[in-house]
Amino acid sequence: MELIIRKGKSDELIIVFDLLYNAAIWLKNKKVDYWQNWLAPSELHLNWIKEGLDKGEFYFVYSKEDIIVGMYRLQYSDEMFWGKRNDKAGYIHSFTTNREYKGKKIGFRILESIEKGLLEIGSDYLRLDCSPDIKELCKYYEDYGFEQRETVIVHGETLRLYEKKMAINTE
């Protein structure tokens with residue numbers, strides 16, 4: 001499946017919330033208490049999403065048939081989760097894929113695309129956070145090459161910080 005990635009626009013708030021809502025429902029059905037804030041987002045969360053869209057940090061991933069298959073937010077600093085850093089890195093948030101495409105490696109392909117773009121601008125790291133309670137997702141990121149760096153508490157939520165050192169592929 002060919003993937004097409006395009007930057008989100010500030011008027012596409014409903015797309016972001018629809019994807020986050022569906023991910024929250026999927027997690028809830030799996031009895032995982034994560035992202036449940038997206039079922040009824042607080043003003044803090046609403047503003048965080050609006051700010052990201054206004055800054056051009058959200059990206060939507062489509063199939064060739066114009067079906068949305070994923071989304072992510074890419075930032076180049078993330079003091080809220082990672083503190084102040086002086087290295088060049090990309091920080092992923094709100095990363096979700098359409099569950100209808102499970103098993104097709106869509107998530108890995110999106111991560112590869114993000115990594116390629118970051119390498120082109122000279123970034124050294126790709127970073128993200130994940131709930132330590134979602135062992136399957138933690139393993140997914142570890143299988144992709146992320147390493148756990150630390151555990152933090154952000155807005156009362158315990159999160160595991162993951163980092164991947166990027167290297168130019170010389171194959």
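Predicted model: local features only at pLDDT ≥ 70, side-chain atom pairs only at ≥ 80, totals over all residues.
Residues are numbered from 1 along each chain as its sequence is written, and side-chain values use heavy atoms, with hydrogens and water left out.

Back to the strands: β4 and β5 run parallel and are joined by 4 bridges. Strands here are DSSP runs of E with at least two residues, and helices are runs of H or I with at least four, numbered from the N terminus. Two strands pair if DSSP finds at least two bridges between them. Zooming out, 7 strands make an open, mixed sheet in the order β1-β2-β3-β4-β5-β7-β6. β1 (3-7) and β6 (147-154) each have a single partner strand, so one side of each has no neighbour in the sheet. From one strand to the next, the twist averages 30°.

Now for the helices. α1 lies across β2 (58-63), β3 (68-75) and β4, at about 105° to β3. α2 also packs on the sheet, where it touches β2, β3 and β4 and makes about 85° with the direction of β3. Contact means heavy atoms within 4.5 Å; axes are lines fitted to C-alpha atoms, for helices over the stretch in contact, and angles run from 0 to 180 degrees between N-to-C directions.

Then there's the largest pocket, with a volume of about 1200 Å³. Of its 45 lining residues, Tyr34, Trp35, Phe95, Leu137 and Tyr141 are the closest to the centre. Elements giving two or more residues to this lining include α1 (13-29), α2 (43-54), β4 (89-97) and α5 (135-144). A pocket is an open set of points on a 1 Å grid over the protein atoms alone, where a 1.4 Å probe fits, with protein on both sides within 12 Å along at least five of seven lines; lining residues have an atom within 4 Å of a point. The volume is the space filled by probe spheres set on the points, which are joined across faces, edges and corners.
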